[in-house]
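Dear colleague,

Please find below the structure I am handing over to you, together with its sequence. My findings follow directly after it.

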Amino acid sequence: MHRRTLIALAGLAASLSLGAALPARAADPLKVAFVYVGPVGDAGWTYAHEQGRLAMEKALPGQVKSTYVENVPEGADAERVIRKLAADGNKLIFSTSFGFMNPTEKVARAFPGTVFLHATGFKTGKNMGVYETRQYEGSYLQGVIAGKMTKSNTIGFVGSFPVPEVIRNIDAFTLGAQSVNPAIKTKVVWVNTWYDPARERQAAETLIAQGADVLTQNTDSPATLQVAEQKGKYAFGWDSDMARFAPKAHLTASTNYWGDFYTRTAQAVLAGTWKSGETRGGLAEGMVRMSPLNAAVPAAVAKLFEEKKAAIVAGKLKPFQGPLKDQSGAVRVAAGAQMADKDIHSLNFYVQGVEGTIPK
């Protein structure tokens with residue numbers, strides 16, 4: 001097993017010691033359910049979680065029996081779906097979108113014998129934990145390439161919802177680009193959805209019309225990449241490798257790997273050792289991985305990218321290290337300091353160089 005994977009699993013084991021244990025393993029397979037905000041499809045956020053579910057099934061044959069519900073809207077429908085999955089006897093439920101947080105918490109209180117794991121949130125309980133990748137590390141590395149590949153010094157970001165997990169990716173993308181090109185400016189178009197190829201496409205077209213020549217996204221379809229391909233621009237994949245959708249435009253992708261986490265969590269529930277807590281992993285833990293670079297990336301840029309990636313893995317480079325200023329020029333992180341994890345997880349401001357305002 002890969003060393004980084006072992007480190008990730010060790011970190012998970014540590015996180016599992018924060019709360020109370022649930023019942024020990026039963027004779028029947030553990031019923032595990034996944035709640036997806038979008039379609040499984042063949043790329044993006046939900047696709048990556050589905051690959052994690054399949055990896056768990058493969059790793060624990062006969063020990064788990066899993067199912068999923070896709071295209072679940074955030075809100076009242078989410079609570080209905082999660083509650084039904086719990087009532088159907090699933091003893092481990094993963095809800096995989098930020099907007100599922102409150103419904104998950106509500107249902108968790110009603111089913112104390114079931115373990116609930118919520119992705120990208122911050123609320124925990126005796127039988128509810130949270131988990132997340134440090135996707136902003138990949139976003140920073142995308143920015144490093146963007147800062148070197150742009151000719152207009154304007155890069156673009158298609159944002160889903162103005163929540164901390166997206167805002168920090170915008171900031172990290174900008175900071176990575178500015179680390180190699182101080183003239184960089186980032187334009188953002190919000191689409192207020194996680195998955196809507198038509199709206200994502202319109203947003204990408206708007207960004208290119210505004211002068212952006214390298215794009216990235218925090219949405220689930222490859223529409224942004226496909227627009228870049230058609231317009232002769234560059235872009236990045238998100239959550240999964242999307243190179244086949246735009247082979248010329250796709251420079252690399254910041255991808256999520258959930259399989260080890262899902263497997264270890266199921267094992268802990270089966271063993272009766274699961275305890276509530278927070279699990280977050282990035283490049284060092286193997287939960288975030290960069291897909292192969294496009295041949296269009298010059299050798300010097302590829303070398304710089306690899307150096308930056310190695311520095312993040314080694315803990316020598318933190319995307320949110322100071323000096324760091326917001327749009328007004330106010331210092332948010334002093335030189336030599338690093339933003340605390342709790343502040344990264346609740347980040348609600350644009351760094352200097354990002355244009356526009358965050359929607360209320």
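E355 and K187 form a salt bridge in which the closest N and O atoms are 2.6 Å apart. This pair links distant parts of the chain, with E355 in the segment after α11 (341-345) and K187 in strand β7 (residues 185-190), 168 residues apart. E355 itself counts as partly exposed, at 30% relative accessibility. Please bear in mind that the model is a predicted one.

Salt bridges that share partners also occur: E132, R168, E278 and R280 are joined by them into one network. Altogether, the count of salt bridges comes to 17.

The side chains of E50 and R53 meet in a salt bridge, with an N to O distance of 2.7 Å. Because E50 and R53 are 3 residues apart in helix α2 (residues 45-59), about one helical turn separates them. E50 and R53 are both buried.

K123 and E105 meet through their side chains in a salt bridge of 3.7 Å, N to O. K123 lies in the loop between β4 (115-119) and β5 (128-133), while E105 belongs to helix α4 (residues 101-110), so the pair ties together parts that are 18 residues apart in sequence. Are these two residues buried or partly exposed? K123 has a relative accessible area of 26% and is therefore partly exposed. E105, with a relative accessible area of 21%, is partly exposed as well; the cut-off for buried is under 20%.

V158 has its place in strand β6 (residues 154-159). Its relative accessibility is 0%, so V158 counts as buried. Leaving aside residues up to four places away in sequence, V158 touches V189, V191, E200, A203, A204, L207, T216, Q217, N218, T219 and T224. As for S95, V158 is 63 residues from it in sequence, and the two are 24 Å apart in space, C-alpha to C-alpha.

In summary, the described pairs include the E355 and K187 salt bridge, which links distant parts of the chain, and the salt bridge between E50 and R53, both of which are buried residues.

With kind regards

Note on methods:
Residues numbered from 1 in each chain as written. Predicted model: local features only at pLDDT ≥ 70, side-chain atom pairs only at ≥ 80, totals over all residues. Heavy atoms only, no water. Salt bridge = Lys/Arg side-chain N within 4 Å of Asp/Glu carboxyl O. Helix = DSSP H or I, 4+ residues; strand = E, 2+ residues; numbered from the N terminus. Buried < 20%, exposed > 50% of the residue type's maximum accessible area, 1.4 Å probe, protein only. Contact = heavy atoms within 4.5 Å.
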